[in-house]
Amino acid sequence: SDLCVMENMKNIEETILTYTSAWNETEREAILEKISKCWAPAGTYTDRLTDTITGPDAITDLIISSYGQMGPRTFQVLAEPQVHHQSGRFRWLAVRPEGYPVEGMDYFEFDSENRITRIVGFF
């Protein structure tokens, strides 16, 4: 039913907002706590600078190391995720106190519990 689809959409949106907000945390424990809520145990991440990594700990390490690459920044989701058939995409913006903002898009897949199973990032 439509209601079911809308309800699921809301859950996916929450998943993506939780995931994005994890990138704004600076403490390892805070990052991991958010990632654990939205990430499947065998979930993978890759982008043009990152070979495929697997699991919440690896994602957490990546987020921490990204501060070294980008410096301080705040990620925000630019629009509601577009979703169909357990996959979707969302646009994001990384605002930096120094330098231009960086805009990107992530393609993602998720499981029946709305946990992210795969992200491929583009920027």
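This is a predicted model: local features need pLDDT of at least 70, side-chain atom pairs count only at pLDDT 80 or more; totals for chains, interfaces and linings use all residues.
1. The largest pocket. The space in the largest pocket comes to about 350 Å³. Its lining is made up of 17 residues. Closest to the pocket centre are W23, D47, M70, F75 and F123.

2. Who builds the lining. Five elements each supply at least two lining residues of the largest pocket: α1, β1 (39–47), α3 (56–70), β5 (87–95) and β6 (102–110). The top contributor is α3, with four residues.

3. Eleven residues lining the largest pocket are nonpolar. Four are polar and two are charged.

4. Helix α2. This helix runs over residues 28–38, and its buried residues are I31, I35 and C38. Viewed down the axis of α2, these buried residues fall within an arc of 70°, so they line one face of the helix. The face turned away from the buried side carries the exposed residues E29, E33 and K37.

5. Residue A22. A22 sits in helix α1, which spans residues 2–22. Is A22 buried or exposed? A22 has a relative accessible area of 0%, under the 20% cut-off, so A22 is buried.

6. Contacts of A22. Setting aside neighbours within four places in sequence, A22 is in contact with I31, K34, I35 and I63. A22 and T74 are 52 residues apart in sequence. In space, A22 and T74 are 10 Å apart, C-alpha to C-alpha.

Technical notes
Residues are numbered from 1 along each chain as its sequence is written. Side-chain values use heavy atoms; hydrogens and water are left out. Buried means under 20% relative accessible area, exposed over 50%, partly exposed in between (1.4 Å probe, protein chains only). Contact means heavy atoms within 4.5 Å. On a 1 Å grid over the protein atoms alone, a cavity is a set of points where a 1.4 Å probe fits but cannot get out, and a pocket is an open set with protein on both sides within 12 Å along at least five of seven lines; lining residues have an atom within 4 Å of a point. Grid points are joined across faces, edges and corners, and a volume is the space filled by probe spheres set on the points. Ala, Val, Leu, Ile, Met, Phe, Trp, Tyr, Cys and Pro count as nonpolar, Asp, Glu, Lys and Arg as charged, and the others, Gly among them, as polar. The arc is that of the directions from the helix axis to the C-beta atoms.
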